[in-house]
Amino acid sequence: MTFSIVARSGPAFGIAVASKFLAVGAVVPAAGAAVGALATQAWANVAYREQGLAMLRTGVEPDAVVAALTAADPRSDHRQLGVVGPEGAGASFTGAECLDWAGGAAGHGYAIQGNLLVGPEVVRDAEAVWLAAAELPFADRLVAALAAGDAAGGDRRGRQSAALYIVDPGRGIGGYGDIAYDLRVDDHTDPIAELRRLLAVHEILHGTPDPATLLDLTGDLAAEVRALLSGLGYDSLDTWAGVENLEGRLVADRIDPLVLAHLRAVSAK
């Protein structure tokens, strides 16, 4: 009883999902860098995750992945599945016994699906925002599509959890691994709003600075930074940034305005 979007953006694959279900992010999403992504929901069959990724890894197209997984599953009428591969259109499947309203939509690089929804407008509005928001960063675009589905009514039982999972080659935290985002709101009265808040925090802590906005650490600014650090008991920006989990935003002899703003805010408390 869930709605989700599975999508591709360049080499990245991601899933955003929401539900009136505890910890939906622990069940629905699966993705592999340079492989593809899928969402298994309704009466979720978690075996679909590894089996589906294994097929995508060998070059099986999303619609064929859906066909193979559901053909081998005696309870497929109760399942819902979205799959996206490295090329072409995504595929969305809704079993005949999924609870109304249930259905999906798919297009180039995406699949959107939901069950026990208030109506088809949930999928329709999520798809419209996904298609219209191509200028947004991938994570923000996925969450925007999810939020549009929620604004249209979402899961007709209410809200409880949401998640965002994205893999992107070499874009893990600190440049290690491929898991770029793994954010989960397990139990919350407004889980998509909370997911957006976590995404903003993630960007602060793990995003990379925009070279065009960096400020030279010279003159009055350098003196201000030294004074603020001293007031907090630190003798270097590197040490303070490490404590604040902002080390990924450090640049020699310059400072990210976001880091500067955080330093000022912490010092003002």
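**Cavities, pocket and helix contact in the predicted model**

Phe-3, Ala-18, Ser-19, Lys-20, Asp-150, Asp-155, Gly-158, Arg-159, Gln-160, Ser-161, Pro-191 and Ile-192 line the largest cavity. Strand S2 (12-19) and H5 are the elements that give two or more residues to this lining. The structure is a predicted model, and a search of the whole of it finds 2 cavities of 30 Å³ or more. The volume of the largest cavity is about 50 Å³. By class, its lining consists of 4 nonpolar, 4 polar and 4 charged residues.

The second largest cavity has a volume of about 40 Å³. Its lining is made up of Phe-3, Ser-4, Ile-5, Ile-112, Val-122, Ala-126, Ala-145, Leu-146 and Gly-149. Two or more of the lining residues come from each of strand S1 (2-9), H3 and H4. Of the lining residues of the second largest cavity, 7 are nonpolar and 2 are polar, with no charged residue.

The axes of H3 (residues 121-132) and H4 come within 7 Å and cross at roughly 155°. Because angles over 145 degrees count as roughly antiparallel, H3 is roughly antiparallel to H4. The crossing of H3 with H4 is right-handed. On the H3 side, the contact involves Val-122, Asp-125, Ala-126, Val-129, Trp-130 and Leu-131. These residues meet Phe-138, Arg-141, Leu-142, Ala-144, Ala-145, Ala-148 and Gly-149 of H4. The contact of H3 with H4 contains 10 nonpolar residues, 1 polar residue and 2 charged residues.

The largest pocket has a volume of about 650 Å³. Its lining comprises 29 residues, and those nearest the centre of the pocket are Arg-171, Tyr-181, His-202, His-206 and Gly-207. At least two lining residues are supplied by each of helix H4 (138-151), strand S10 (179-185) and helix H5 (191-206). H5 provides the largest share of the pocket lining, with 6 residues. The pocket lining divides into 12 nonpolar, 11 polar and 6 charged residues.

Terms used. Residues numbered from 1 in each chain as written. Predicted model: local features only at pLDDT ≥ 70, side-chain atom pairs only at ≥ 80, totals over all residues. Heavy atoms only, no water. 1 Å grid on protein atoms, 1.4 Å probe; cavity = no way out; pocket = protein on both sides within 12 Å on 5 of 7 lines; lining within 4 Å. Points joined across faces, edges and corners; volume = space filled by probe spheres on them. Helix = DSSP H or I, 4+ residues; strand = E, 2+ residues; numbered from the N terminus. Nonpolar A, V, L, I, M, F, W, Y, C, P; charged D, E, K, R; others polar. Axes fitted to C-alpha atoms, helices over the stretch in contact; angles between N-to-C directions. Parallel < 35°, antiparallel > 145°, perpendicular 65-115°, else oblique. Left-handed = near helix turned anticlockwise from the far one by under 90°. Contact = heavy atoms within 4.5 Å.
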